[in-house]
Every structure is written in C-alpha cells, then in structure tokens.
Amino acid sequence: MIAEESMIKPVAICEAEVIETDVAIVGAGLAGSLARAVLARAGYRVLLIDKRQIPPDEFRVEKIAGRQIDILRRLGFIDDVEAVASSYDRVLNIRGRKLVDVSVGRSYGVSYANLVDMARGLTPDASSFLLDQVTDVSCGEDRQHLTLASGKRVVSRLVVLATGMASALGHNLGMRRQMIAARHSVTFGFTIARPDNVPFDFDSLTCYGKEAADGVDYLTLFPMQGGMRANLFMFRDPTDPIMRELRRDTRRTLLRLMPGLQPYLGDFQIVGQVKNWVMDLSVTEGHLQPGVVLIGDAFQTNCPAAGTGVSRLLVDVERLCTVHVPRWLETEGMGIEKITQFYSDRDKLAADRHSLQLARFRQALTSNTDARWSIQRRLHFLRRMITHRADRIHPGWVMRVRGALR
Ligand SMILES: Cc1cc2nc3c(=O)[nH]c(=O)nc-3n(C[C@H](O)[C@H](O)[C@H](O)COP(=O)(O)OP(=O)(O)OC[C@H]3O[C@@H](n4cnc5c(N)ncnc54)[C@H](O)[C@@H]3O)c2cc1C
C-alpha cells in the first residue's frame with residue numbers, strides 16, 4: 001500500500017476485535033511515541049500500543065544535549081521539548097576543586113515522564129493510541145499479527161518493537177538478549193536545594209571523580225522542574241556498601257567521594273527521593289526477521305554515563321521513519337531483505353557502535369587502575385584544561401584549529 005492511499009484511511013480501530021493498520025508500534029516510551037509522531041505526520045496509518053495510560057515516573061534520561069538536540073531539531077520537535085524542559089547554556093566542569101573547562105551550548109533538563117508525555121502528545125489523533133498489553137506477536141513476509149491482553153488482535157504490515165528493556169515479545173519471536181557487560185554501571189538521581197532556596201551560583205555543574213578506586217565517573221547538576229537535579233554515574237560493584245550509604249546518607253557520602261564540590265555547593269540538602277539504577281549492557285540477537293524491527297532500548301541498552309541512549313533511539317527513529325518505512329510501504333511484502341536495510345543503515349550502525357565504545361571508554365577512564373589508563377586519565381583532563389586556557393587567551397583559536405584539522 002502506498003502512502004497516498006494510507007492518508008485517506010484512518011486506523012480501523014473502533015470497538016473492532018481485529019484492528020488493521022500499516023505500522024503497529026509496541027511501546028509508547030520515547031522511541032515508540034516519536035516514531036508514531038513522525039509516521040503519522042507523514043500520513044501513514046499507525047497504531048501505538050502501550051500497557052500504561054500515563055508514563056510512569058521512572059528513572060531514565062533527564063538531560064537532553066548535543067547531538068540529541070540536532071536530531072530533535074531536524075525532526076521538528078525541538079520547540080515541543082523546549083516547552084516542557086528547563087534550558088541552560090553553560091556548564092562548569094570541575095575535578096577536585098579545579099576548573100577543567102566550561103562547556104557552552106544549549107541543553108535541557110526534563111523528567112522522563114514529562115518527556116514521554118510530550119512525545120505522546122505530538123500526535124493529536126487519539127485513535128492511533130491503544131491502551132493494552134501485547135501478549136504475543138507472530139511475524140511473516142506479508143502480514144504481522146499481535147495478540148492483546150484484552151482479547152483484541154492487531155494486523156499490520158510492519159511491527160515496530162519499542163518495548164525498552166522488556167524482552168518478552170522478542171523472546172516469543174526467538175530473539176535473545178546477548179549480555180555484553182552485566183552490571184556495567186550504577187546511576188543515582190536526586191534533587192538538591194539550598195535550605196533558604198537561594199539559587200546556586202552556576203547554571204549547571206559537572207564534577208568528575210578523582211580516584212579510580214572510588215569508581216565515580218561524574219556528578220552532573222542541572223536545572224529541572226522542581227529544583228537542581230543531580231545524576232551521579234559510577235562504575236563500581238552495585239553490592240558495595242557505598243551504594244547503601246549513598247541511598248541513606250546521600251549528602252555526606254557525596255561530599256566524602258567528591259570533597260571539591262563543597263565550595264561550589266555551599267550549604268545544601270537533598271530534597272525528595274533518591275533513585276538508583278544498575279545498568280546491564282546488552283544487545284538483541286536473532287533480530288533479522290521478516291515483518292518486525294526493534295528500536296531504542298529494545299534493540300540495545302546503553303550506559304547512562306555515556307549519555308547515548310537518546311542519541312541512539314533518535315537515530316533509529318529518524319532513519320527508520322523518514323527513510324526506510326516510506327520505501328518499504330511503497331511495495332507489497334515485508335521480507336527480510338527490507339528489514340536488513342534498517343539494520344545495515346550506516347548511521348544506525350555508527351550510533352550503535354559509538355554507544356558501546358563510549359560505554360567502555362568511560363568505564364576504563366574512570367576505574368581502570370593500570371598505568372596506561374592512569375596516564376590517559378591525566379592527559380585527558382590536562383588536554384581539556386590547556387585547551388580551555390588557550391581559548392580564554394585567544395577566543396575562537398581552538399575552534400579554528402579544530403576546523404583546520406577536520
Ligand atoms: C537511570 C538511567 C539514566 C539514563 N540517563 C541517560 C542519559 O543521561 N542520556 C541518555 O541519552 N540516555 C540515558 N538513559 C537511557 C534512556 O533513558 C533510554 O535509552 C530510553 O529511555 C529508552 O527509551 P525506549 O522508548 O526505547 O524504552 P522505554 O522508555 O523503556 O519504553 C518502553 C515502553 O514499552 C512499553 N511496553 C513494554 N512491553 C510492552 C507490552 N508487551 N505491551 C505494551 N507495552 C509494552 C512500556 O510500558 C514502556 O512504555 C538512561 C537510562 C537509565 C535507566
């Protein structure tokens with residue numbers, strides 16, 4: 001079926017027991033909701049299915065920056081992000097008490113629930129969202145079949161699995177999660193405030209860990225609705241007693257691990273709940289099957305310290321929904337030769353590879369104690385400090401040298 005035909009036929013949803021659509025997306029997290037928005041805007045018949053009506057207040061990405069902003073802008077969603085997020089433009093980067101450098105550029109702080117809520121709201125057509133749990137999926141060369149907990153069934157030309165870290169449906173299709181690094185990193189999320197609510201002296205601050213034995217990669221502080229949000233990224237055994245101390249006495253443990261923070265934070269307290277998450281790095285195998293593609297965390301998980309989860313899922317959404325799906329729907333069938341085009345897409349491969357490389361790099365840079373990495377760690381921060389000072393003496397000089405080298 002071609003796009004023009006799809007545009008005049010809404011999803012046959014109503015109270016029907018069998019719902020027909022072009023693309024069925026399972027999972028209305030950030031990946032699935034943005035995929036629906038891009039495809040629906042282009043006029044395709046899309047059905048997004050999630051078991052939860054309201055995005056839960058789960059601890060996931062809270063910061064949008066760099067390349068993620070470029071892709072959101074290209075997709076036309078940056079104003080929508082701006083409307084629900086707190087923006088900031090300057091990040092002080094410190095190590096110990098010393099200033100490493102200052103990063104300049106727009107970034108956003110936003111809770112994941114608000115981000116997903118915004119992404120779901122990008123598609124005004126309520127009939128393209130179905131509140132239900134997909135309990136089974138079967139895929140083939142032509143039509144795909146989903147079974148829902150309510151007893152309804154969905155028939156589509158393509159199924160997009162955007163189910164995050166839940167892997168039951170992939171499992172039903174014979175896919176397996178290959179573990180790359182179990183318990184790779186630990187992330188803490190909490191909010192800090194001054195007792196008298198006086199604002200902090202910075203827009204945003206990143207403090208890098210100093211001792212490899214502490215396993216602290218960095219703490220990042222940034223504005224988010226409700227106060228100054230803190231994300232602490234660590235590469236350390238999640239069963240180490242320090243984890244309990246961080247949960248129970250966050251302030252004191254934080255200052256013990258990073259005493260250089262004190263002059264920047266002054267008197268502060270922890271407000272509300274301290275959340276934490278232990279991340280396994282894994283990638284799905286057996287994914288090359290007709291009729292179905294996996295995007296976002298459903299295909300590959302990411303190290304939060306590397307901050308590549310959203311970049312990867314945005315590349316998936318952009319490449320799948322603006323390049324591949326429109327081509328696939330022009331002709332009959334959804335055979336493996338079509339599906340392969342997505343998984344061998346150059347941009348997607350590069351984003352997936354970069355995410356794993358950066359995860360390994362951050363872990364080694366933080367906690368590897370051998371001589372090579374100790375030197376590399378020192379050189380890494382020294383290079384940044386020298387570049388920053390050179391740029392202050394001759395503004396724009398570093399940019400010009402980088403441009404020339406490129
Ligand atoms: C603590 C933490 C911090 C992070 N920090 C960063 C960061 O700083 N930068 C960054 O880029 N990334 C970060 N990430 C990664 C980022 O949050 C994820 O990559 C991203 O949220 C994945 O989105 P998704 O849409 O793929 O999955 P999800 O948001 O998990 O969505 C999956 C959806 O599928 C639904 N679902 C599952 N199974 C079914 C079913 N059978 N039927 C119906 N619905 C179903 C679920 O209800 C859910 O809504 C972090 C992750 C964590 C855990």
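## Overall form

The model is a predicted one. The protein holds 14 helices and 15 strands. Its radius of gyration is 23 Å, close to the 22 Å that the globule rule gives for 406 residues, and the protein is therefore as compact as a globular protein of that length. Taken along the principal axes, the C-alpha atoms fill a box of roughly 65 × 50 × 40 Å. Buried residues account for 40% of the 406 residues. Among the contacts with a separation of 6 or more, 73% join residues 24 or more positions apart.

## Domains

The domain assignment divides the protein into domain 1 (5-59 + 113-179 + 283-360), domain 2 (74-111 + 181-280) and domain 3 (370-405). Between domain 2 and domain 3, the C-alpha centres lie 24 Å apart. Four residues from domain 2 and five residues from domain 3 take part in the contact. On the side of domain 2 that touches domain 3, strand β5 (residues 98-109) gives the most, with three residues. By residue class, that side of domain 2 consists of two nonpolar, no polar and two charged residues.

## The largest nonpolar core

In soluble globular proteins, nonpolar side chains tend to be buried together. The largest nonpolar core of this model comprises 95 residues, of which Ile25, Ala35, Val159, Val160, Ile295 and Val317 touch the most other members. Helix α10 (residues 309-328) gives the most to this core, contributing nine residues.

Ala35 illustrates how the core is connected. Residues up to four places away in sequence being left out, Ala35 touches Ile25, Val160, Ala162, Ile295, Val317, Leu320 and Cys321. Of these partners, Ile25, Val160, Ile295 and Val317 are also named among the residues that touch the most other core members.

## The ligand shell

The ligand is surrounded by 36 residues, and the closest are Gly27, Gly29, Gly164, Gly296 and Gly309. Elements that give two or more residues to this shell are α2 (30-41), β2 (46-50), β14 (269-285) and α10. The largest share, four residues, comes from α10.

In composition, the shell around the ligand divides into 17 nonpolar, 13 polar and six charged residues. Which domains give residues to the shell around the ligand? Domain 1 and domain 2 both do, and the shell therefore lies between them.

## Individual residues

The table lists each with a partner.

| Residue pair | Separation in sequence | C-alpha to C-alpha distance |
|---|---|---|
| Val271 and Pro56 | 215 residues | 20 Å |
| Pro326 and Leu39 | 287 residues | 8.6 Å |
| Ile336 and Leu288 | 48 residues | 6.8 Å |

Val271 counts as partly exposed because it has 13 C-beta neighbours inside 10 Å. Apart from residues up to four places away in sequence, Val271 touches Thr191, Ile192, Ala193 and Gly227.

Pro326 is found in helix α10. With 16 other C-beta atoms within 10 Å, Pro326 is partly exposed.

Ile336 lies in helix α11 (residues 336-343). Is Ile336 buried or exposed? Ile336 counts as exposed, since 11 C-beta neighbours lie inside 10 Å. Its contacts, with neighbours within four places in sequence left aside, are Leu288, Gln289 and Pro290.

Two further residues have backbone angles to note. Arg183, although not a glycine, has a positive phi of about 50 degrees. Arg183 has its place in strand β10 (residues 176-193) and, with 15 C-beta neighbours inside 10 Å, counts as partly exposed. Asn197, likewise not a glycine, has a positive phi of about 60 degrees. Asn197 lies in the loop between β10 and β11 (204-208) and is exposed, with 7 other C-beta atoms within 10 Å.

Key
Residues are numbered from 1 along each chain as its sequence is written. This is a predicted model: local features need pLDDT of at least 70, side-chain atom pairs count only at pLDDT 80 or more; totals for chains, interfaces and linings use all residues. A nonpolar core is a set of buried Ala, Val, Leu, Ile, Met, Phe, Trp, Tyr and Cys residues joined through C-beta atoms within 7 Å. A residue is buried if 20 or more other C-beta atoms lie within 10 Å of its own, exposed if 12 or fewer, and partly exposed in between; C-beta atoms are placed from the backbone. Two residues are in contact if their C-beta atoms, placed from the backbone, lie within 7 Å. Domain bounds come from an automatic or database domain assignment. Ala, Val, Leu, Ile, Met, Phe, Trp, Tyr, Cys and Pro count as nonpolar, Asp, Glu, Lys and Arg as charged, and the others, Gly among them, as polar. A residue is near a molecule or strand if its C-beta atom, placed from the backbone, lies within 6 Å of it. The radius of gyration is taken over C-alpha atoms; the globule rule is 2.2 Å times the number of residues to the power 0.38.
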